[in-house]
Amino acid sequence: MSASFTTELSYCQLANEFSTSCSPSPVSAPQWLAFNQPLAAELGLPEAFWGTEAGLQLFAGNQMPDWAQPHALAYSGHQFGHFNPHLGDGRAILLTEIVTPEGQRFDLQLKGSGRTPYSRRGDGRSAIGPVIREYLVSEAMHHLGVPTTRALAAVATGDWVQREQAQPGAILARVARSHLRVGTAQYVLNLNSAAKLKSFADYLIERHYPEIILHHAPGFARYDALLSAVIDKQAQLIARWMSLGFIHGVMNTDNMSLVGDTIDYGPCAFMEAYNEHQVFSFIDKQGRYAYANQPAMAQWNLARFAETLLPIMTANDATEPEAAIAATIERATELVMGFSDKYQQYYQAYFSAKIGLSPDHPDASNLVQQLLAIMQQQHIDFTLAFRYLGDTEPNRRNQLFSDSASWLTWQQQWQHATASIPAHQLQRQLNEVNPALIPRNHLIEACISEVVKTGSLAQFVRLQQAFAQPYQERAEYADLMPPATASQQVTTTFCGT
């Protein structure tokens, strides 16, 4: 093993209740689906595991090296607004925390590796479809520049899992800056121990927000700063999602990372025809997690996180405890309410850039909202509408919008607003922020179908290569740019369980 490969398990050592030691369940006939060699190199993973038999047995959960210390993590969560105090990793096992030579720390986790103490009635396994989906979409998100968990490896198990019908099983090896969630904080709060809550919050600060230590001495202000930092990370992340037309699908508190990463790719999708009310999760009948609701849902989740910190944000030895509690609630409320302003700032910055303007340009906000209104009215593809703005000639743009009067008027106003920017510079700016390729649902589903029916990985490999450079328009991937035809449309997706 490389001398520079360092592993620890710092989180699981905080308190026994935070996790449970358990091992992956062996599978019968593992086979490689994918291995992310560039990511392995970044992590410093020993080359003995790079696409080798040893690596296959590791990522299948069959053979654990001596540096692995498998644990399942405990957490709670509000699921569609209903609190469940006992969730946890029901089909995922944390193998270790890798500490890179640069001092960065990453969790290495197996998803679909068998039952854990938190599985309840589940089998702890995953079908091959959700593994392929998360591998492709999470890696695409990374290359799009969105903070996200990443896929290190995918392995077919050779076993079948029973869902609505029997499906081939698979395991995903996932890498994350951590798997701490709002639901994790809710779980710790539910232990009714101020000492454990404080140790959790301090750990979160030390691991992910060390700048707080530099600027805040130990005390209650430190946890105010932690809440503010988490709010800022989420405001930026959700604005980034919105700017790409990404819909998470299940923004439960157990699916919101405390470090501002996109986590848990279940019924997610990139919107095609623009519709601010678009929902993709089959079980989201009320549209709770629709595209336009994502900012409000993030703020709701952050309010739940704020509630978990209240006991350690309050001076328990205050001479007037009721007044101290009231003051703490007021401070926390003010911070959570501040999410809206932060989100709007990020939203305006991202969307202004998508039309080639600075966020403080006097016409930027109106032009963005007018364009979105036209797209909503005419059901225009979100990704292509912005991508075609980078064309030096307006042919594709006009064709997409059918030369409508509202579009031509908008285009004239936009050209006037950007007139001072040289054409080649504007084109470069636009194409740097507006992707040509996104992991469209029909492409993912066709890929999954091919793997399941034929065993061929050709389309899977092709999509990986295409999504690795999403801002480059290349002739060999031109067929991946258009939205789904009527017969190809996938209108709903499902949770990976």
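**Core and loops of a predicted chain**

Trainee: Which residues touch the most other members of the largest nonpolar core?

Mentor: Happy to start there. A nonpolar core is a set of buried Ala, Val, Leu, Ile, Met, Phe, Trp, Tyr and Cys residues joined through side-chain atoms within 4.5 Å, where buried means under 20% relative accessible area with a 1.4 Å probe and protein chains only, exposed means over 50%, and partly exposed lies in between. Of the 150 residues in this core, the ones touching the most other members are Phe59, Leu152, Leu226, Phe305, Ile355 and Met375.

Trainee: Which helix gives the largest share of this core?

Mentor: Helices are DSSP runs of H or I with at least four residues, strands are E runs of at least two, and both are numbered from the N terminus. The largest share, 14 residues, comes from residues 220-244, which form helix H7.

Trainee: What should I know about the model and its numbering?

Mentor: This is a predicted model, so local features need pLDDT of at least 70 and side-chain atom pairs count only at pLDDT 80 or more, while totals for chains, interfaces and linings use all residues. Residues are numbered from 1 along each chain as its sequence is written, and side-chain values use heavy atoms, leaving out hydrogens and water.

Trainee: What is the radius of gyration of the chain?

Mentor: The chain has 17 helices and 13 strands. The globule rule, 2.2 Å times the number of residues to the power 0.38, is compared with a radius taken over C-alpha atoms. For 497 residues the rule gives 23 Å and the chain's value is close to that, so the chain is as compact as a globular protein of that length, with a radius of gyration of 23 Å.

Trainee: Is Asn301 buried or exposed?

Mentor: Asn301 is found in helix H8 (residues 294-313). Counting contact as heavy atoms within 4.5 Å, Asn301 touches Val182, Met251, Asn252, Thr253 and Met256, leaving aside residues up to four places away in sequence. Its relative accessible area is 2%, so Asn301 is buried.

Trainee: And is Ser402 buried or exposed?

Mentor: Ser402 sits in the loop between helix H13 (395-400) and helix H14 (405-417). Although Ser402 is not a glycine, it has a positive phi of about 60 degrees. Its relative accessibility is 59%, so Ser402 counts as exposed.

Trainee: What is the phi of Arg120?

Mentor: Arg120 lies in the loop between strand E8 (105-111) and strand E9 (126-127). Arg120 is not a glycine, yet its phi is positive, at about 55 degrees.
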